[in-house]
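Biologist: I'd like to learn how to read charged pairs in a model like this one. Could you walk me through it?

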Amino acid sequence: MKGTEHFKAAIKHYLDKRAQEDELFRAKYETTTRTIEDVATYILNQVKASGCCGFDDDEIYSMAVHVIDEPNIEIGKPINCNVVVNHHIELTEEEKAQQRALALKRFQDEELRKLQNRNSKPKTVKPQETKQPELSLFDEF
């Protein structure tokens, strides 16, 4: 799934959750003619107009709610771009335990490899210097 698809899914999830919690918003959300593509297009046009590259989640979500609340707002033209979405993944306790065990195993393997490499390095032997006999002025050739 592309980043933009993740973006649309995150916005839709937020709007669905907001509609469950807020009855006034739910009435507008259920009767709106806006699609999630319309909401994403509006947000992308607002981001482009601002000139900023990074936004807080709450800023983006408030734009999504705003475009649903105000049916007369102009959405703008679709923009061809990719959106980066931060993901937060919740692991179960079992998955956390598996990841800890895997990390511990990797650490142990790495430490063992270091010890083996340290012990298996050949000791450098210095070449023995060959002594040449000293020449004397009195030696015959």
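Biologist: Let's start with D109: how does D109 count at 30% relative accessibility?

Modeller: D109 counts as partly exposed at that 30%. The scale runs like this: buried is under 20% relative accessible area, exposed is over 50%, and partly exposed lies in between (1.4 Å probe, protein chains only). Keep in mind that this is a predicted model, where local features need pLDDT of at least 70, side-chain atom pairs count only at pLDDT 80 or more, and totals for chains, interfaces and linings use all residues. Residues are numbered from 1 along each chain as its sequence is written, and side-chain values use heavy atoms, with hydrogens and water left out.

Biologist: Which side chain does D109 meet in a salt bridge?

Modeller: Here's the general idea: side chains of opposite charge can pair when their charged atoms come close. To call a salt bridge, look for a side-chain nitrogen of Lys or Arg within 4 Å of a carboxyl oxygen of Asp or Glu. For D109 the partner is K105, at 3.2 Å from N to O. K105 is partly exposed too, with a relative accessible area of 47%.

Biologist: And how far apart are K105 and D109 in helix α5?

Modeller: They sit 4 residues apart in helix α5 (residues 93-120), so about one helical turn separates them. Helices here are DSSP runs of H or I, at least four residues, numbered from the N terminus.

Biologist: Where does E111 come in, and what is its salt-bridge partner?

Modeller: E111 pairs with K114, at 3.5 Å from N to O. These two are 3 residues apart in helix α5, again about one helical turn. K114 is partly exposed at 43%, and E111 is partly exposed at 32%.

Biologist: What about E5: which residue does E5 form a salt bridge with?

Modeller: That would be K8, where the closest N and O atoms are 3.9 Å apart. E5 and K8 are 3 residues apart in helix α1 (residues 3-21), so they too are about one helical turn from each other.

Biologist: Is K8 buried or exposed?

Modeller: K8 counts as buried, at 17% relative accessibility, whereas E5 is partly exposed at 39%.

Biologist: How many salt bridges does a search of the whole structure find?

Modeller: It finds 7.

Biologist: Now a loop residue. Which residues is I73 in contact with, leaving aside its neighbours within four places in sequence?

Modeller: Contact means heavy atoms within 4.5 Å. I73, in the loop between α4 (57-69) and α5, is in contact with R34, Y42 and H66. Y42 is 31 residues from I73 along the chain, with 8.9 Å between their C-alpha atoms.
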